[in-house]
Amino acid sequence: MAHTTEPTPVVRALYHDDDVLISAVKEIRAAGYQISEVYTPFPVHGLDKAMGLKETRIAMAAFMYGLLGLTVAVTLTWYMMINDWPQNIGGKPNYNWGMNMPAFVPILFELTVFFAAHLMVWTYLVINGLYPGADAQNPDPRTTDDYFMVELPAADGLVDVLKKSGAVEIAEA
Amino acid sequence: MLCPLPLIRLLPNLPPNLTALEDMFVFTSKMKLLAGSLTLVGLVFLLIGFNTDYSSHSAEGHGDAVAHAEDHGAAAHGEAASGAAPTEEAHAEEAHAEEAVVMDAVDEEAEAHESMEHADADHAAVTHEADAHAADAHEGHGATHDLSANRPWAAFLVNSIFFLGIGIGTLFFLAIQYAAQVGWSAGLIRVFEAVAMFVSIPLLGILFLAVTGGMHMHHLWHWMAEGIMDPASANYDPIIAGKEAYLNVPFFTVRTLAYLVIWAGTAYLLRRNSLREDAMPKGQNMFFTQRKLAATFIVLYAVTSSTSAWDWVMSIDTHWFSTLFGWYTFAGMFVTAMTVLNLLVMYLRLNNHLPWINANHQHDLGKFMFAFSVFWTYLWFSQYMLIWYSNIPEEVTYYLPRFKGEYKPLFVMMVAMNFIFPILVLMSRDAKRIFGFIGLAAVFVLAGHWMDHYIMIMPGAVGYDYGFGFAELGGILFYAGLFLWVTLSQLAKAPLKLQNHPMLTESEHFHQ
């Protein structure tokens, strides 16, 4: 998401309801203003569409991470259990990887999920600037509790549009 | 036109101001013709199928093959210990030299295993088992108990279970919508109801099979064979006799009847209340009645879903048991139902019957189809891996014809169609919103789960006398025609949008 570090003055409008927020975002964009950021205390379904954000590619990344995890698991089980130190466990065939594959499925599954989930979370945090030690980007702490804030560059006539859209508080900074 | 079920005729009629709405679904004469002709052609095929002689294969020794295969897994030592039926063994092995080679490898494993663990008490039981199976092999030669005679009945059971899945899976899903007070699906409840009303028809089909089995017209369920529980009989099987308290014809028939009453009764009550609600003033009274009914049904279904799977499917392989079997069957049925619902909603949307339903709703239905395909695989593999790993003869018998025998190609193809195909086609978010992808995945998943039920039933019921002929195709057409008839006539009976459901607005505004 875009950072608002540029010195241009911004307007921040607070809303008290997620449904009002979504309709307000639609109204503001319909009036021709570009929203730079929305802060919410919880994920609001449909907000990304209302804001016109482009589709996330995290799903494709997760799929790739999953494939990576699967590859690691296959390599790991093959090297440890077949190539390097084959053992007779419960009389199961260990001549090649394929014959012993059913025994490895839990590992294949777990590592696929592990890689997909962990790498996806880290990717998400880094891309959004939420990595550990990053400065909090939160102009108003109330948006972590029960308020929703729309932030956008100041422009003529904007305040009227915001008022009409149901904002409970408008601040220019 | 005659309604297929008297229960359906008891449903309340809606006031004319509701049934005259412009967006009413119409069960066109074209669709009536399609549904009717499918049913009739299916019926004719079924009659041909039931009057075909399938025993020609057994002359080549096919009939014995599976009993033979199961013997080997069940008790590799049994033959030697009891010295049972050497002629039959030789005969079967002659005909199936190829299989014998495959099974030999298994024998070695089983032998090694047994010498360690089955030395004393267990060994006696295993030996008995072999005796019993040898007795089966004996009978395989007689005209009366030829396994191939089960073929049309088994084919009808496969189709009954497959189509039952569509009805009962949807009924369960409908019950969840009320019990969990689901909002997003409120606009689709009429579609769920229409499909759930179909549940009674395959249930009647299974009741027919249960009654004819009890009358010894077929021995689809092995424990129904004559004399199997009688110590004086040559056919006596002590392991099966030990299960007599549960597996006996009167109790079995009563259970089948109980499932029919509980399942079809719930479908009927949910539908009746929903129709009544349409004519009522706005309010939530009926919603909470429905919720109690749905919650009660879910508790009952939690038990009956497992017991019905044991009764109708697992008891075919009477010696074998799996504690996971009920869930495994349920998962297959539920994903079948979700797939059919996806197709039906897609059809209705394409014809502009559901303007209040959008890609978000379809996406959620698609998620169910995707998630339960994975869930089914999870259960399938959980069952398979434990049995493969422990390699105990009494458990591993089940997988010998399926994974080592002739059924292997079907088995592997079925797993691929039910797991790899949906996971690759439906994983992406967009795919669940595009008709082409859903439709493609749906066709494969439906075919895959039909094959799954086929492989669950056929090896135990007919051995290697399987095939795809008039009996199988006839059952599919027969049930498909009835499904279309019941579902579409139910869709046409009431407005496709509930009139007073409290969650309707939420459903219309659903987005993700």
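A residue is called buried if 20 or more other C-beta atoms lie within 10 Å of its own, exposed if 12 or fewer do, and partly exposed in between, with the C-beta atoms placed from the backbone. The structure described here is a predicted model, in which local features need pLDDT of at least 70 and side-chain atom pairs count only at pLDDT 80 or more, whereas totals for chains, interfaces and linings use all residues. Residues are numbered from 1 along each chain as its sequence is written, and chains are lettered from A, with ligands numbered from 1, in the order in which they are written.

Chain A contains five helices and four strands, where helices (H or I, at least four residues) and strands (E, at least two) are DSSP runs numbered from the N terminus. From the N terminus on, these elements follow the order β-α-β-α-α-α-β-α-β. The radius of gyration of chain A, taken over C-alpha atoms, is 25 Å, which is well over the 16 Å that the globule rule gives for 173 residues (2.2 Å times the number of residues to the power 0.38), so chain A is more spread out than a compact globule. The C-alpha trace of chain A spans about 80 × 30 × 25 Å along its principal axes, and buried residues make up 16% of the 173 residues in the chain. Chain A is divided into domain 1 (10–54 + 137–172) and domain 2 (58–127), with bounds that come from an automatic or database domain assignment. The centres of domain 1 and domain 2 of chain A, taken over C-alpha atoms, are separated by 44 Å. Two residues are in contact if their C-beta atoms, placed from the backbone, lie within 7 Å; of the contacts in chain A with a separation of 6 or more, 75% are accounted for by residues 24 or more positions apart.

The strands of chain A form an open sheet of four strands in the order E2-E3-E1-E4, with antiparallel pairing, two strands being paired if DSSP finds at least two bridges between them. Strand E2 (37–39) and strand E4 (169–172) of chain A stand at the edges with a single partner strand each, so one side of each is left without a neighbour in the sheet. From one strand to the next, the twist averages 20°. E2(A) pairs with strand E3 (residues 148–153) of chain A over three bridges in the antiparallel sense, and Val38(A) has Val150(A) as its bridge partner in E3(A). E1(A) pairs with E3(A) over six bridges, likewise in the antiparallel sense, and here Val11(A) stands opposite Leu152(A) in E3(A). The antiparallel pairing of E1(A) with E4(A) runs over four bridges, with Glu169(A) in E4(A) as the bridge partner of Leu14(A). Helix H1 (residues 18–30) of chain A lies across strand E1 (10–15), E2 and E3 of chain A and runs at about 15° to E3(A); axes are lines fitted to C-alpha atoms, for helices over the stretch in contact, and angles run from 0 to 180 degrees between N-to-C directions.

The contact between the chains takes nine residues from chain A and eleven residues from chain B. On the side of chain A that touches chain B, the elements that give two or more residues are helix H3 (58–84) and helix H4 (101–127) of chain A, and the largest share, three residues, comes from H4(A). By class, this side of chain A has five nonpolar, four polar and no charged residues, where Ala, Val, Leu, Ile, Met, Phe, Trp, Tyr, Cys and Pro count as nonpolar, Asp, Glu, Lys and Arg as charged, and the others, Gly among them, as polar.

In chain B, His216(B) has a positive phi of about 65° although it is not a glycine. His216(B) is placed in the loop between helix H11 (200–214) and helix H12 (238–241) of chain B, and it counts as exposed because it has 12 C-beta neighbours inside 10 Å. Asn391(B), also not a glycine, has a positive phi of about 55° and is found in the loop between helix H16 (359–390) and helix H17 (393–396) of chain B; with 18 C-beta neighbours inside 10 Å, Asn391(B) counts as partly exposed.

Ile457(B), in helix H20 (residues 435–462) of chain B, counts as buried, with 25 C-beta neighbours inside 10 Å. When residues up to four places away in sequence are not counted, Ile457(B) touches Ala154(B), Leu157(B), Val158(B), Val313(B) and Ile316(B).
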